Amino acid sequence: MTESRGLRIAYAVVFLLDSLETDKVDNRLVALQSLREEVLTVAEGSMPKNTARVLIEIMKELVRVSGDEIRRLKLAREFRIATSGKPRLIRKFLRRYHLLEMPEEWNQIAFDDHVHDAATKGRKSGTHLIMDAWIKGIRRLRVIYYNHIHPVSAMELLEAARIMGIDVRIGIEFAAQFRGKYVQLIWVPRGFVDSQDFLCFLAEPRLADFMIRAREVSAYRERGVMAVLDRFNDVHRPEIEATCAIPLPRLDRSAFKRFVGTGQASLVHLSRFIHRQMMQAIDENRPDSASAAEAERGQQDEPDLLRTKIEDLDPNLDPDEILSRYLSPSANPDLPDPSLFMDSPDLPDLLRLTPRELAEELSCLRSTFRITLNLSNLDAADVLEILYDCEGAITRLEIFNLKDYINGKTGHLEYIDALQRALNSGNTIAIKRIIQEIIEGLKENEKRASDGGRIEKLQGILHDIGQFKTQYKLKPLKARIGSDSTGRSVRFHGMGLVVVETLPKPARLALFRWADDIRLMIPMRLSVNRRITHIPHDRTHPLGPGFCRITESLPLLGRICRTEQEDWLVHEDSIHMESPGNIVTLGGVRHHGDKAEAKKGLNGPRKSCLSFKYLRTDLRNGLKVFFGFVPAFATFFFKYDWWVLAWLGAPIWFAITGFRNIVQSVLGGGGLRRSPLLRWNDYVSWERLTDSLLYTGFSVPLLDLVVKTWVLDQGFGIDTMTAPIQLYAWMALANGIYISGHNIFRGLPRGAIYGNFFRSILSIPIAVFFNSMIGLLLGAAGVVGVESALQKWAAVISKLASDCVAGIIEGAADRYANIRRRLRDYQSKSRLLFDIYAELEMLFPERDVPAMLNSPAKIRDTRNAEAFDLEKIIMINALDMLYFWMYQPRSRSALRQLMQGMSDEERKIFTKTQSVLRRHQEISLLLVNGILGANFMKALAFYLDRSEEYLKDLEETV
């Protein structure tokens, strides 16, 4: 009651984006919760989740754009347009922002088993990472930390994932010594109820002691990064100065640590830090005229501005190139290689462990866990030996790392994939063959064959196949696929992968119909099967329990009262290498010029603001009506000599359509028993009405001129005199095809398309009835040439019959949709109320909680701060339900149905929690003190005027 729907969503996004720049975790989580509630509960149309994803993306871009007011106004307008949730528009925006359409059931198999956040080498905080993962459509995420994890980072990540409904796992990566190099094991503790349970686990003494040792490893690694920094200052910095002709100052260690922030210093951080220092040096040495010219070309986002400036000097010198050219071991041969100093005195204890010893230590920290072997820099012989040595402790293989794949480091995966499948199947013959091939490959490599008796070791495994395969008999060796995304690189694909079969049909067609050089179909296949669960009706069905009991035994109508839940059965042990695969990346790589191309529609000349979509809403709606009216009026005016049809035909046609839209909206929103605070026009969507008028205008020449006159009358001699049934049948069929066609063009759901087609078919007998009745009335009135008059009005009669059926069917559909939305609102609020009530019962086990809610003095006497907070939440939710009851379409019907499904005790608790609305003084102070902001007067007046009426109606309902 204080802001419009679009502004509420915009404020929520801005609040979140602003909070991402701060270090206050609680603010970020509150902002994320607010955003989710706004975008998911407010988004309209048949694609609410995809609409929410688009709205967040548009607002992200709007917030980050500065300086170009024209572009900001365009984005604001597009944000408003997108709030309508029209499928065709939403799909257009999804393509612009390179997002794949996701099913509204949100059952897609979208995941990423290896990503990083800001606590390691990533760019995004836990909240930011989860928000972006949800926007991409990811439902399962595994975030990797190095050596240890800070409790605050864990809490933020887990709470953000809970808010957005993402299944998140925390993995901690440790290094272990193996044959003169380090291998990486990812430890994933499992079995936690919530984030608090995980934090309690981190506080356990045994784990806390282990984490102290793990932090020593991070400190040791940081010293190595600082050594590379010093090397860059002494050797590579002068080289860059000479190449780029800019004075580059020495890198400061303190400034670098501030740049890293809460993360763990890495070479990735260092490359980004160097890149930023280069940009600053360019800015300081660029002439003012160049800066002015750049300003005239338009503002750019900071990462793109940085990239452009550096590319002017060296097209390849981005952070990734800096990392490989100046910071890699090959570029710094003077620095010690950690793999050559594994016996160094200052080496931390954890870095001295073998994989088996490390796995044994990790198994002592928690009974429920998983260990994943990272296959980077490992070949099949290494994996075979490590799996055998660890005796089944390794239960996962990161079989595919996207970054390694892009860098061409996956030539060894074929043997490892075959070994994994052989172990899981228990196929002794296959295991033996693979081991023999590995041994033969080693014998051909003299250097590796002489590596510490490796061949003898593998031959020992060959003679112990029986014991080896039993390690994975009960607990199979599963595969994991990850992108290794940090959110920093533009050369590698971002986070997220999805199984193609689980995407909606438009998204699958978009992948295969158009060349998509942004995404990558990786050579991996995961078998999935569609599963549909039929759930019988319950008391909260929008059509009511009585209707469902009558129709449940009927073959077709019975499906109306059954809820179908569709999900996918995943066979995790079926992951294997196959080209082409069925897994595609959700992220992409940005080619040079992609960003400019993406902004082409927004950064054009100012005259592009006159584009139709950027016009004012009332002007756009007026133009829609005009464009639809022109062909309709022209058809009647030039075809008929009779002045009634010539001048009034088009207005009558439009009046039928407009009246039908208004009637169905009113019936769907509340009918005759609607809220006294709502007028009939509050239920009408004028944009929806003008869309209907636009398309109905073009149906006039189709039905009246082409179908009725040219095809049926002149072509086949069918008219109201010779064959009225055939005439109206063919006109209804043509009208149904036309309506279905423009529904497909507008991207409406399949159910709406089928419904609009068959409603035209159902209108045939009604049109024939109208034709007969009008003929009888005209004959009774003594009108001459009744059949001729009926032939002239045939298209209008067919239109009237079709709209009569449409008004009933679409009105019922609107009613169903409104009740379903209100049930969703009430169910979320009632669940929250019951949870809060349960917390109050636990806080005061010996007191009468309902009596406490009715008496503020009893709450104050407890002096319990938590009880005060819970009481305020109950008040806020009661105000929401008051608003639902008085202002939301079909809220009263929905609440009655919901309460029918409650037990007597639940109904009693529900009404008692609503009775807090009688505490006028406290709630008024709550509103005056700013819970709704400065614009609270309308809401306060509404509460004081209508709360008693609401409580009285609620008592009668119960």
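Among contacts (heavy atoms within 4.5 Å) in the protein chain between residues at least 6 apart in sequence, 77% link residues at least 24 apart. The model is predicted: local features need pLDDT of at least 70, side-chain atom pairs count only at pLDDT 80 or more, and totals for chains, interfaces and linings use all residues. Residues are numbered from 1 along each chain as its sequence is written, and side-chain values use heavy atoms, with hydrogens and water left out.

Of the 958 residues in the protein chain, 50% are buried (under 20% relative accessible area, with exposed over 50% and partly exposed in between; 1.4 Å probe, protein chains only).

Now to the rings. The whole structure holds 27 aromatic pairs (rings of Phe, Tyr and Trp, the last by its six-membered ring, with centres within 6.5 Å; planes under 30 degrees apart are stacked, over 60 edge-to-face, the rest tilted). Phe629 and Phe654 form an edge-to-face pair, 5.4 Å centre to centre with 85 degrees between the planes. Phe629 belongs to helix α26 and Phe654 to helix α27, 25 residues apart. Phe629 is partly exposed, at 28% relative accessible area, whereas Phe654 is buried, at 9%.

Notes:
Helix = DSSP H or I, 4+ residues; strand = E, 2+ residues; numbered from the N terminus.
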